[in-house]
Amino acid sequence: MKKFFTIFAALLLTVSVLSACGSNASSGNGKERTVKIGINGDDYELWNIVQKQVKNDGIKLKIISFSDYVQPNTALNDGSLDLNSFQTITYMNQFKGDHNLDISAIGSTVIAPMGIYSHKFKKLSDIPDGATITIPNDVTNAGRALKLLQSSKLLSLVDNFDPKGSIEQIKENPKHLKIKPIAAGQTARSLDDVAAAIINNGFAVQAGLDPAKDPLYKEDPNDKAAMPYINVIASRTKNKNDKDFAKIVKAYQSKEVHDYIIKRDKGATVPVVISIDKIKNL
């Protein structure tokens, strides 16, 4: 009887050890982390490329699309999202300051040149005196649009122009253009009613415009002055050093994603890999 209990105990110990090993192996291989990323628009194919690269790291991306520039940041700040990827570094810094959000950029993505579009005219020089041009009304994009109008020679700005400035900083307006700030998402929709509109790349694409071919004039992505408009991936500040998030940034900045963007957009957006330290305070 004593020998029976000794054998039984040994068998029980063996079964327990094997069960424990099986449980650890299962949790180690089967555990998957879902990372929720907010974007603007429907850029799912690009993020599918990123997903394939981080899958073996046990990361599953859940892409959530928004139609505005407000909700992706508020959702990130309140924890509804883990990351977002839709905005320029300058816009993010302005927005988080205005709304007291604790979010930070963790990686660069692309620059999407802003353009001047028109349904009525083929050249800037065709825009008549007194015509109306719509621009985004949020602080960052309004300043960016005004700088684009100056670069295009349609008007000039005061010497000490504040990039976060407004139409009051227009210095010379030889064509007496009426500059009308409206919601960024409405600029493309205004094209039938105005002479021209300055439209962010994302909203131009959503409206069926081709940011590579359709603008009468657009930003030069190679100009240092365009650095404030580099787009970024952002997280909550407390999570900015998260190792899984760093893997997602690395996957976005990979050759596969770079080649995809170049082929798909044909210059409408340009991939950018730059240290966040160089642009984080713009």
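Start by selecting α2 and α7 in this predicted model: α2 passes α7 in a right-handed crossing (right-handed if the near helix is turned clockwise from the far one by less than a right angle, left-handed if anticlockwise). Helix α7 covers residues 243-252, and α2 covers residues 44-54; helices here are DSSP runs of H or I of at least four residues, strands are runs of E of at least two, and both are numbered from the N terminus. The axes of α2 and α7 come within 9 Å and cross at roughly 125 degrees. Axes are lines fitted to C-alpha atoms, for helices over the stretch in contact, and angles run from 0 to 180 degrees between N-to-C directions. That is why α2 and α7 are oblique to each other (under 35 degrees counts as roughly parallel, over 145 as roughly antiparallel, 65 to 115 as roughly perpendicular, and the rest as oblique).

Now show side chains. On α2, pick L46, W47, V50, Q53 and V54; on α7, pick K247, I248, A251 and Y252. These residues make the contact, meaning heavy atoms within 4.5 Å. They divide into seven nonpolar, one polar and one charged; Ala, Val, Leu, Ile, Met, Phe, Trp, Tyr, Cys and Pro count as nonpolar, Asp, Glu, Lys and Arg as charged, and the others, Gly among them, as polar.

Look for E45, L46, I49, V50 and Q53 on α2, and E256, V257, Y260, I261 and R264 on α8. That contact has six nonpolar, one polar and three charged residues.

Next, jump to α4 (residues 89-99) and α5 (residues 139-151), packed at about 140 degrees with axes 8 Å apart. Here T90, Y91 and Q94 of α4 meet V139, T140 and N141 of α5. How many of these are charged? None: the contact has two nonpolar and four polar residues.

For a salt bridge, select D159 and K171, whose side chains meet at 3.7 Å, N to O. The term needs a side-chain nitrogen of Lys or Arg within 4 Å of a carboxyl oxygen of Asp or Glu. D159 sits in the loop between β7 and β8 and K171 in strand β8, so the pair ties together parts 12 residues apart in sequence. The whole structure has 10 salt bridges.

Finally, color by pLDDT, the predictor's confidence in each residue, from 0 to 100. The average is 88, and 89% of the residues score at least 70. Residues 1-28 fall below 50.

Residues are numbered from 1 along each chain as its sequence is written. In this predicted model, local features need pLDDT of at least 70, side-chain atom pairs count only at pLDDT 80 or more, totals for chains, interfaces and linings use all residues, and side-chain values use heavy atoms, with hydrogens and water left out.
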